[in-house]
Amino acid sequence: MDFFEAQDLARRRTHVLVALFTAAVVAIVCSVYVVVGVAGYATMGMQPGFDPILFGVVAVGTGLLIGGGSLFRTAQLRRGGPAVAELLGGQPVSPNTGDPGERRLLNVVEEMAVASGTPVPAVYVLDREQGINAFAAGYGLHDAAVAVTRGTLEELDRDELQGVVAHEFSHILNGDMRLNIRLMGLLFGILLLAVIGRGVLRGSMMSRRRRDGRAALLGAALLVLGYLGVFFGKLIKAAVSRQREFLADAAAVQFTRNPEGIAGALRRIGAGADGSRIQDHHAEELSHLFFANGVGRALSGLTSTHPPLDARIRRIIPSWDGDFTQPLGGSAVQRAGLPEASDADVARGGRPDLLTTEGQGLLLGAAAVMAGIGAPGPAHVKHARRILGEIPKELMSAAHEPVGARALLLLLLGGEGEAVEAARGEVARTLDSSVGGAEKGDGVPSDGPTGAVSRRLGELRPLVRGLPAEARLPLVDIALPVLRRLEEAEAVALRSAVDRVVRADGEVHGFDFALTHILWRHLPGGRRTPPRGTVHLARVTDALSTVLSALAHSGSGDSAEVEAAFLRGRALVGGSDQIRLLKETQVDLASVDRALEQLEALSLEDRRTLLHACATVVVLDQRVDLREAELLRAFAECLDLPLPPLVPGVALG
């Protein structure tokens, strides 16, 4: 199943979710009506039989209660993954943490993010939880969070932790997160009856007044009806989540090429005293998000959100003997029935003609690029590890601190002329004026001493000049979690500084186009992703003209090659004459930013078509240098399409 099939499946599951939710609401309304009717007959002398007016009142009242509860929880979760992690008591991991387990977790998450072509998600630890568990949450790539329990950090080795994180990244890539967070919002509404009934019953029992006997009966009835909602909630979660765990396990094996990693984590859960139990009182509400069952044993398979541990392990390692107490042994690859193969063979997928080394660039076709969307493999993990290993420790450290991350951005964007260097110095001094020295509550230093940005600019400049081109976008992605935590005033100042540096030499580079747009999505106060599917390719011809022109000009200085590349791309998005090749001087930062903002609202299928057109423009001559590959990845990230690194000598997909 490729990325687009998985996303389509997630959309179809959303339709199933809505249908099941509607059926649950109807059942609850009918049950409330029966209870109210019986109570009215017994205490108020109401006539037996169906009363349409009473039914209407009950339906409206119950509908408002459920709808209000769903809207309330959905609003609480509007920040995406971080809001879900904090609901469970998760603490953000400081990027400069000194805890060895947290440091290892950050390294694994960053490696997985670079390998899969996604922004580095926010990382949280559930410090009060000793069970082995984890989850990924969010609406999309740009607001995702990965959270693990303290028990996961303490009990698993690096391979097992990598298997768990790879499993969670499959949920990020396949659209499962969006479905899960919507499910949380919807189901909270139908759980409210139980919450209200429990409150009424508790209040009546604490009161000494006799008339509270009726209140107690009402509370008990609401509690019973509420648990009907709980039961329906369990059924719905089981219906949309159980099979996805098998798929995520398989994806983790494909991603890491290490079946023993994820199978070992599952075995440790089965052998551990704490298992995968989550103690927080929100565990039931979030049970469908977890890596493994976080609540008590289900009453039946119908309400279980996860397959049994032994079934999951045997899917990965068929010859496993079923003993949770003994470590997995033997060759993991052979035990899983996977053929021995090189990383190149694995990622090439039997199509060695699609991508080979050609000088300093890559030889490939647009089909190979599209095959890689959301489909990272072990070669990409290995490539990501190499890229991260080539980044000097000083730059990695800078990317993990607010001042250093700002200095890095100023150095990574723009050209190399005197005008650009002068602009960097000016804006650094401007940013210095906002430097405070206080430390935020999450343990991340807000800033540093006066002049810190200017000082870091000077320290990092020679290191950035020696940085491999393919490491620029990963380094920015690593810095994003820190930049998300800036105060809004700091973010506004940084946006202004970046804009001045990019415009300093009068020439905007392709990388700057895409990267600044990504930054505006992540910085506090930035724009949110518009609703998908609200525009169509035929109605955004000006935006298509701008983006395809920018890509065509970035690949060649020859006017004939630029026009040929543009026309090939235009043919894939409809071939309308209204999509015109713009002059290089007509394509500036502001116009590309506006164009990408419009194109983000395209449907998934239209974004797929657009990225195919972009890839066609870039690879017209079947050669992609590192600069073009970097630009294509950045454009894919703008469209929420995760494109793994283009690995020399290895085909995508």
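**Reading salt bridges and a strand pair**

Colleague: In which helix do arginine 456 and glutamate 459 both lie, and how many residues apart are they?

Modeller: Helices are DSSP runs of H or I with at least four residues, strands are DSSP runs of E with at least two, and both are numbered from the N terminus. Here, arginine 456 and glutamate 459 both belong to helix H18, three residues apart, which is about one turn of the helix. The model is predicted: local features need pLDDT of at least 70 and side-chain atom pairs count only at pLDDT 80 or more, whereas totals for chains, interfaces and linings use all residues. Residues are numbered from 1 along each chain as its sequence is written, and side-chain values use heavy atoms, with hydrogens and water left out.

Colleague: What does arginine 456 form with glutamate 459?

Modeller: A salt bridge requires a side-chain nitrogen of Lys or Arg within 4 Å of a carboxyl oxygen of Asp or Glu. Arginine 456 and glutamate 459 form such a bridge, with their closest N and O atoms 2.8 Å apart. The structure holds 21 salt bridges.

Colleague: Which helices hold glutamate 421 and arginine 461?

Modeller: Glutamate 421 forms a salt bridge with arginine 461, their closest N and O atoms being 3.1 Å apart. This pair links distant parts of the chain, 40 residues apart: glutamate 421 is in helix H17 (residues 418–432) and arginine 461 in helix H18 (residues 452–465). Glutamate 421 has 18% relative accessibility and therefore counts as buried.

Colleague: Which side chain does arginine 244 meet in a salt bridge?

Modeller: The partner is aspartate 176, at 3.8 Å from N to O. Distant parts of the chain are again linked, with arginine 244 in helix H8 (residues 212–256) and aspartate 176 in helix H7 (residues 176–206), 68 residues apart. Arginine 244 counts as buried because its relative accessibility is 2%, and aspartate 176 counts as buried at 5%.

Colleague: Which residues are linked with Arg150 in a network of salt bridges?

Modeller: Asp99, Glu102 and Asp127 are linked with Arg150 in that network.

Colleague: Do strands E3 and E4 run parallel or antiparallel?

Modeller: Two strands pair if DSSP finds at least two bridges between them. Four bridges join E3 to E4 (residues 145–149), and the strands run antiparallel. Phenylalanine 135 stands opposite alanine 147 in E4. From E3 (residues 134–137), Ala134 and Ala136 point one way, Phe135 and Ala137 the other way, and all are buried.

Technical notes. Buried < 20%, exposed > 50% of the residue type's maximum accessible area, 1.4 Å probe, protein only.
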